[in-house]
Amino acid sequence: MIRKECVPTEENQIEILETGVSVVNAKYLYEIIHKQQENEKICISTTSENSLIEIQTKKGVFHLNGMNQTDYPMLDSEKAEETFEISRNNIEDIVSQVAYACSTDDRRPALTGVHLQTKNSTLLVMASDSYRLAMKKIELNQMVNMDVIVPKKAFIDILKSTNTTTKKIQVYYDTHKIQFYFDDTLIQTTLINGTFPNVQRIVPKEFECKLKTTVDTILPIIDRSQFIKDESKVHIVKVAMTDHDVHIKSKSSIIGNTDETLPNVELEGNPLNLSFNGKYLYEAIKGVQGDEQQLLLQFGGEYNPLLVTNPLNRRLNSDK
């Protein structure tokens, strides 16, 4: 649920001539409104039965069939008891650095959402589709007790409904719902039932090899090879290391192959030759942000996860 309160002011030039209630298809209303000229005055009115909505502009008149207001669900929007504050920048990080790893398989609902778990004043944000894990730590300004799974779409809706002028977002939650308040707007969603697996145990503690580079160096190389896919339409990337250099390779018996040397790289440990899902590797690296976009790839070896981090920023991704 998204609710916006529009109070008439000189700035927004809203004028309420008569109060009432109407229910209209949002898609059709949007199609009419967003194609009008900027700052053009629009008059919206309804019939006495609220069955017809009239929209008047300088250039014409539009009519939309209304819907029965009794059919509109009355959701419980009462504020939940538990609350904390988070910045819009943190929400943006959750979307770009974590939410991409959510599963799209509805057979495991808990993995389709973003897991929010707190320890004292630290918020741990996680997402996993069982093949990869994205995790970020956010420091809050208060002690919070939270362990919930939030639909991914809620965070995307917040970004769509805000801009850079929105600094802080107040979050309220209980065992059933979570609410985000900002700029006279409420975004509320029902929490996902289920238990998020203990994915932190898969994060390796020891590594056979470490590779340091930058996001801007390796990401274009992987991107250029994305057209190389195997018979099952999967983009496979091979990271081939020697004592002197690192090659990023892709190969297909039908399409061909690519082989590029990764420049300006630092290697530590035993050189390895490992293959990864190119899409997963690309998304994990793309999500790495922070100081100077430094990138650290830590390889656990064959059949073990790859850890993708910014060494100057504690956010991490894990790929299997």
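**View 1. Strands E3 and E4 pair in the antiparallel sense.** Five bridges join E3, residues 52–56, to E4. The model shown here and in every view below is predicted. Within this pairing, glutamine 56 stands opposite valine 61 of E4. Helix H1, residues 26–33, packs on the sheet and touches E3 and E4. The direction of H1 makes about 175 degrees with that of E4.

**View 2. Three strands form an open sheet in the order E2-E3-E4.** The pairing is antiparallel. E2 (43–46) and E4 (61–65) stand at the edges, and each has a single partner strand, so one side of each is left without a neighbour in the sheet. From one strand to the next, the twist averages 20 degrees.

**View 3. Ile33, Ile42 and Ile44 make a nonpolar surface patch.** The patch covers about 230 Å². Isoleucine 42 sits in the loop between H1 and E2. Its relative accessible area is 32%, so isoleucine 42 counts as partly exposed.

**View 4. Methionine 126 is buried in strand E7.** E7 spans residues 122–128. Why is methionine 126 called buried? Its relative accessible area is 2%, and buried means under 20%. Methionine 126 touches residues including Val98, Gly113, Val114, Leu133, Met135, Phe196 and Val199. His115, Gln117 and Gln200 are also among its contacts. Leucine 111 is 15 residues from methionine 126 in sequence, with a C-alpha to C-alpha separation of 9.7 Å.

**View 5. Five strands form an open sheet in the order E1-E12-E11-E10-E5.** Here too the pairing is antiparallel. Strands E1 (2–4) and E5 (82–87) are at the edges. Each has a single partner strand, so one side of each lacks a neighbour in the sheet. Neighbouring strands are turned by 20 degrees against each other on average, direction ignored.

**View 6. Helix H2 packs on the sheet at E5 and E10.** E5 and E10 (residues 168–173) pair over six bridges. H2, residues 88–98, touches both E5 and E10. Its direction makes about 85 degrees with that of E5.

**View 7. Aspartate 76 forms a salt bridge with lysine 177.** The closest N and O atoms are 3.6 Å apart. Aspartate 76 lies in the loop between E4 and E5, and lysine 177 lies in strand E11 (residues 177–182), so the pair ties together parts 101 residues apart in sequence. Aspartate 76 is partly exposed at 47% relative accessibility, whereas lysine 177 is buried at 10%.

**View 8. Aspartate 93 and lysine 136 form a salt bridge, and both are buried.** Their closest N and O atoms are 3.8 Å apart. Aspartate 93 belongs to helix H2 and lysine 136 to strand E8 (residues 132–139), so the pair ties together parts 43 residues apart in sequence.

**View 9. Glutamate 260 meets arginine 224 in a salt bridge.** The N to O distance is 2.9 Å. Glutamate 260 is in strand E16 (residues 256–261) and arginine 224 in helix H4 (residues 215–224). The two residues are 36 residues apart and link distant parts of the chain. Glutamate 260 is partly exposed at 25% relative accessibility. Arginine 224 is also partly exposed, at 46%.

**View 10. Salt bridges link Asp129, Arg132, Lys279 and Glu283 in a network.** For the model, the salt-bridge count comes to eleven.

Terms used:
Residues numbered from 1 in each chain as written. Predicted model: local features only at pLDDT ≥ 70, side-chain atom pairs only at ≥ 80, totals over all residues. Heavy atoms only, no water. Pairing = 2+ DSSP bridges. Helix = DSSP H or I, 4+ residues; strand = E, 2+ residues; numbered from the N terminus. Axes fitted to C-alpha atoms, helices over the stretch in contact; angles between N-to-C directions. Contact = heavy atoms within 4.5 Å. Patch = residues over 30% accessible without salt bridge, like charges linked within 9 Å, V, L, I, M, F, W, Y side chains within 5 Å. Areas by Shrake-Rupley, 256 points an atom, 1.4 Å probe, with all protein chains shown as cover. Salt bridge = Lys/Arg side-chain N within 4 Å of Asp/Glu carboxyl O. Buried < 20%, exposed > 50% of the residue type's maximum accessible area, 1.4 Å probe, protein only. Lists of a residue's contacts leave out its neighbours within four places in sequence.
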